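Student: I would like to learn how to read aromatic pairs in a protein model. Could you walk me through an example?

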Amino acid sequence: MSYQSSVAQDTLAAAQLEMAGNPNTLALRRPFDPVAHDLEASFRLTRFADLKGRSCKVPQDVLGKLVESLQQDYSQQDEFMHVAIPRIGIGLDCSVTPLRHGGLCLVQTTDFFYPLVDDPYMMGKIACANVLSDLYAMGVTECDNMLMLLGVSTKMTEKERDVVIPLIMRGFKDSALEAGTSVTGGQTVINPWCAIGGVATTICQPNEYIVPDNAVMGDVLVLTKPLGTQVAVNAHQWLDQPERWNRIKLVVSEEDVRKAYHRAMDSMSRLNRIAARLMHKYNAHGSTDVTGFGLLGHAQNLASHQKNEVSFVIHNLPVIAKMAAVAKACGNMFQLLQGHAPETSGGLLICLPREQAAAYCKDIEKQEGYQAWIIGIVEKGNRTARIIDKPRVIEVPAKD
C-alpha cells in the first residue's frame, strides 16, 4: 500500500467515526482551541493554505474566455448531432441541463478552496455553505445530494491530520443537514495544501429555478450579506504578525478585529437558502452570489447576461464594522470600496422589482434575524455594472 493511500484510509477512518457520531459533538460548537485537542497553542489551520505568493484565483477575463470556449464547443456538438438542447447557466452560478425524461432539469455546481479561518469545524460549514450558495443564487432551494472534496495537506503531522480533518468533515456534514440534504460520497486526496469543497446536485422542474437574465429598468439591487469577509479574515491573521498589525492598529482595535472575524465566520457559514426562497415570493428577476471576484465582478457578470439592455449602478456598500477603515489603511491591497475584494460564501445580489424590494428586506430580517440592503438600481444601459465614485458605506455591526 502506498503512503498516500495509507494516509487517506487512516484519515477516512477517523472521519467516519466523527461523521457517525462523536460523544464530544457538543464541544464542536465551541470556538476551536488547539490545546484542548492536544495540538500546539500556535496551531493555525490557515498555515496550510500558504501558496507563497501564488494567486489561487483564475483572472475573471481568462475564466470568461474558457467559458465562451465551452459554449462554442456545445453549440458545434449540437449542430453536428442535429439536436437543440437548451443548456442554461454556463458561466453563471450553476449548470442547468434539461433531462431526457419528464420535463426535469439537472442542476449542478462545484467549488472548493483553501482554509481561510482557523476553526476546522467552521471551515467545513463555510465550505458547504459556499457550494450550496450557487444553487441558491438560481433560486433553487432544495438540494438532493452532495459530494465532499477534500485535500489533506502533506505538511500536517499525523496528530494534526487526525484532529483537523474529521472536524472539517463534521462541519461540512452539519451544514448539509441544515440545508435538508446529505453527503453521500466524494474524494479525499493528499495535497501540498489543505483544500475543502464539494459538489451539489438537484433534480428540479423549470419553475423551481430562476434564470438570472430578466432584470428590467427600474429594478433595484438587493444584497443579503455584508461585504468585508476577506478583510476581516486577513486582519485577524495579522494579530499574530506585528509588521502587518502596525499598518492598521491606528484605525482598529484588537477587539474590533476579533468581533469582525466572528461576524465574518457567522456570515460565511450562514446558508443563503431563505434568501433564495424569498426570491420566488417577491418575483426576483435574477440573482448571483458574491464570491471570489468581489461585488463588482459578480455584478458585471450578472449584468452581461441580461436579455434587456440594462446596466447596474451601485450606490451603497454594507461592510462589516471597521473593515472599510482597515481596507483604506492598506492602500490598494483589498480594493474593497472599488468592489474588487474577494468574498467567500457571500450574500446574494438580487434584481427585484422596486415595489417588492423593501418587503423582501423586511421579510428576510424577520425570518433570519439579519439585515439585507438595497444597494443600487437597474437603469437603461449596455449590460455593464459600476459603483459610483463616492458610495455610501453602511457599517454593519458585529453581533456580540
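Predicted model: local features only at pLDDT ≥ 70, side-chain atom pairs only at ≥ 80, totals over all residues.

Student: Why is the pair of Tyr114 and Trp193 called edge-to-face?

Tutor: The angle between the planes decides: over 60 degrees counts as edge-to-face. For Tyr114 and Trp193 the planes stand at 80°, with ring centres 6.3 Å apart, so the pair is edge-to-face.

Student: Which parts does that pair tie together?

Tutor: Here one looks at where each partner lies along the chain. Tyr114 belongs to the loop between β2 (105-113) and α3 (120-137), and Trp193 to the loop between β4 (183-191) and β5 (195-204), so parts 79 residues apart in sequence are tied together. Trp193 is partly exposed, its relative accessible area being 22%.

Student: What kind of aromatic pair do Trp238 and Phe334 form?

Tutor: A tilted one, at 6.1 Å centre to centre and 40° between the planes. This pair also links distant parts of the chain, 96 residues apart: Trp238 is in the loop between α5 (229-237) and α6 (242-248), and Phe334 in the loop between α10 (323-329) and β9 (348-352).

Student: Are Trp238 and Phe334 buried or exposed?

Tutor: Both Trp238 and Phe334 are buried. In the protein as a whole, 51% of the 400 residues count as buried.

Student: Which residues form an aromatic cluster?

Tutor: Phe32, Phe43 and Phe48 come together in one cluster.

Student: And what sits over the ring of Tyr370?

Tutor: That is the charged end of Arg270, 3.8 Å from the ring centre.

Definitions and conventions:
Residues numbered from 1 in each chain as written. Heavy atoms only, no water. Phe/Tyr/Trp six-rings, centres within 6.5 Å; stacked < 30°, edge-to-face > 60°. Helix = DSSP H or I, 4+ residues; strand = E, 2+ residues; numbered from the N terminus. Buried < 20%, exposed > 50% of the residue type's maximum accessible area, 1.4 Å probe, protein only. Lys NZ or Arg CZ within 6 Å of the ring centre and 35° of its normal.
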